[in-house]
Amino acid sequence: MKMSTLQQRILSRDYLCSLFGHKFKITKKVNAHFNEYECLICHLKATNDPKGNKIIMTKQLKDINETLFYLNLKRQFLSKFYFPKKDS
């Protein structure tokens, strides 16, 4: 039994997300404030904006998140090895 093109479109992943909403899962924790998300159904990538809302990932936002991630790693590395906390 063949499905009509309308039935195929309705059952496609994009239409399921448009009807029921995305089911986002955290794929990368950039820093304490920003995360990267991916929809489990349609594989749409998203990130946080400064207000905390999810927005669609663009190339520019991906570059910004990558820079923030490496700055966070550098800060953690420096605080751990070069500026250790002194025990009182």
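A search of the whole structure, a predicted model, finds three aromatic pairs, where rings of Phe, Tyr and Trp (its six-membered ring) pair if their centres lie within 6.5 Å. A pair of aromatic rings is described by the distance of the centres and the angle of the planes. Helix α3 spans residues 59-81; helices (H or I, at least four residues) and strands (E, at least two) are DSSP runs, numbered from the N terminus.

Phe77 is partly exposed at a relative accessible area of 43%, whereas Phe81 is exposed at 53% (buried means under 20%, exposed over 50%, partly exposed in between, with a 1.4 Å probe and protein chains only). Phe77 and Phe81 also belong to a nonpolar surface patch with Leu78, Tyr82 and Phe83, and the accessible area of the patch is about 580 Å² together. Patches are made of residues with over 30% relative accessible area and no salt bridge, like charges being joined within 9 Å and nonpolar side chains (Val, Leu, Ile, Met, Phe, Trp, Tyr) within 5 Å. A salt bridge is a side-chain nitrogen of Lys or Arg within 4 Å of a carboxyl oxygen of Asp or Glu, and accessible areas come from the Shrake-Rupley method with a 1.4 Å probe, only the protein chains shown counting as cover for residues.

Four strands form an open antiparallel sheet in the order β1-β2-β3-β4, two strands being paired if DSSP finds at least two bridges between them. Strands β1 (24-29) and β4 (54-56) stand at the edges with a single partner strand each, so one side of each lacks a neighbour in the sheet. Neighbouring strands are turned by 35° against each other on average, direction ignored, with axes fitted as lines to C-alpha atoms.

Five bridges connect β1 and β2 in the antiparallel sense, and a hairpin of five residues joins β1 to β2. Lys28 has Glu36 in β2 as its bridge partner. Strand β2 (residues 35-39) is joined to β3 (residues 45-48) by three bridges, again antiparallel, and Tyr37 is partnered by Ala46 in β3.

Residues are numbered from 1 along each chain as its sequence is written. Local features need pLDDT of at least 70 and side-chain atom pairs count only at pLDDT 80 or more, while totals for chains, interfaces and linings use all residues, and side-chain values use heavy atoms, with hydrogens and water left out.

Technical notes:
Axes are lines fitted to C-alpha atoms, for helices over the stretch in contact, and angles run from 0 to 180 degrees between N-to-C directions. Rings of Phe, Tyr and Trp (its six-membered ring) pair if their centres lie within 6.5 Å; planes under 30 degrees apart count as stacked, over 60 as edge-to-face and the rest as tilted.
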